Amino acid sequence: MSQPPRPSLPIRLASALGLALAASAAPAFAQAPAGAATLPGTTGDIGPDFVAAAQHWVDDAVAQGRGAAGTDMAPLRMEVSIGTLDSRLRLAPCASVEPYMPPGQRLWGRARLGLRCIDGAVRWNVFLPVTVKAIGPAWVLRDGVAPGAVLKPGDAVQAEADWAADASPVVADPAQWVGRVATRGLAAGQPIRQSMVRTQQVMQAGAAVRVLAGGQGFEVSTEGQTLSAGAVGEPVRVRMPNGRIATGQVVDAGQHAH
């Protein structure tokens, strides 16, 4: 007794193609280097004047970077706050203190501003906590979402959120999250970020597929078998009838061959 044929999903041959969520990333100024400016000297204690000068320096660095980032920064409102040094620190007097950004640090979210004495009997180096918020429009979840649930248009509302509160970029375009699957359990009030959603898998490894290939004015098709799972728009590896392995892109979730 013969087995019924397995449904075919369409695949289009392509070079290695991937699907990337369109999301806003942290702006270029996030890695802006410190300038040559120095802060007022200190007699050993970090007083209000020194903290105010440090705040001004960071504000200027963020403002300059915002301008360099161009129109992509238009919807964001930047808020910068300076923390405090460990009260147990006892710094030697210094006539001139240089601020700088440590390697790998960004003026985005929680960061550290380096402070080093460049004119004093003792050359010291300390780090001052800095928080840079980027408040802007986002899609915020109305209620909790279970892992693997498909997000629907009514699951989120537009509101303001801190884009810099997490390393994963905010997904500002609803087309990039509606119909996607939650990668983990999500809580009400969270802005939707790139790491929270993924495309739905419409194909499992071992599925029979229709492979489409063509050029100008022609198109041919043949059968194949997938070697990996995939979603619409994602690349998958396909075993062809002659045994060769090709890379294709899932065209749609239909059950009939194109």
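**Close-up views of a predicted protein chain**

**View 1. Confidence along the chain.** For the protein chain, the mean pLDDT is 76, and 70% of residues reach 70 or more. The model is predicted, so local features need pLDDT of at least 70 and side-chain atom pairs count only at pLDDT 80 or more, whereas totals for chains, interfaces and linings use all residues. Residues are numbered from 1 along each chain as its sequence is written, and side-chain values use heavy atoms, with hydrogens and water left out.

**View 2. The chain as a whole.** Of the 258 residues in the protein chain, 38% are buried. Buried denotes a relative accessible area under 20%, exposed over 50%, and partly exposed in between (1.4 Å probe, protein chains only). Among contacts in the protein chain with a separation of 6 or more, 61% join residues 24 or more positions apart.

**View 3. The disulfide.** Cysteine 94 and cysteine 117 form a disulfide with their sulfur atoms 2.1 Å apart, the term denoting a pair of cysteine sulfur atoms within 2.5 Å. Cysteine 94 lies in the loop between strand 2 (77-82) and strand 3 (96-100) and cysteine 117 in strand 4 (residues 109-119), so the pair ties together parts that are 23 residues apart in sequence. The link is right-handed, with 100 degrees about the S-S bond. Both cysteine 94 and cysteine 117 are buried.

**View 4. The largest nonpolar core.** This core has 33 residues, of which Leu39, Val58, Leu113, Leu115 and Trp124 touch the most other members. A nonpolar core is a set of buried Ala, Val, Leu, Ile, Met, Phe, Trp, Tyr and Cys residues joined through side-chain atoms within 4.5 Å. Helix 1 (48-69), strand 2, strand 4 and strand 5 are the elements that each give two or more residues to the core. Helix 1 supplies the largest share, seven residues. In soluble globular proteins, nonpolar side chains tend to be buried together.

**View 5. Phenylalanine 127 in strand 5.** Phenylalanine 127 belongs to strand 5 and is partly exposed, with a relative accessible area of 31%. Not counting residues up to four places away in sequence, phenylalanine 127 touches Leu85, Tyr100, Pro102, Arg112, Leu113 and Gly114. Its C-alpha atom is separated by 7.4 Å from that of leucine 85, 42 residues away along the chain.

**View 6. Valine 122 in a loop.** Valine 122 is placed in the loop between strand 4 and strand 5 (125-141) and is partly exposed, its relative accessible area being 44%. Leaving aside neighbours within four places in sequence, valine 122 is in contact with Ala92 and Cys117.

Definitions and conventions. Helices (H or I, at least four residues) and strands (E, at least two) are DSSP runs, numbered from the N terminus. pLDDT is the predictor's confidence in each residue, from 0 to 100. Contact means heavy atoms within 4.5 Å.
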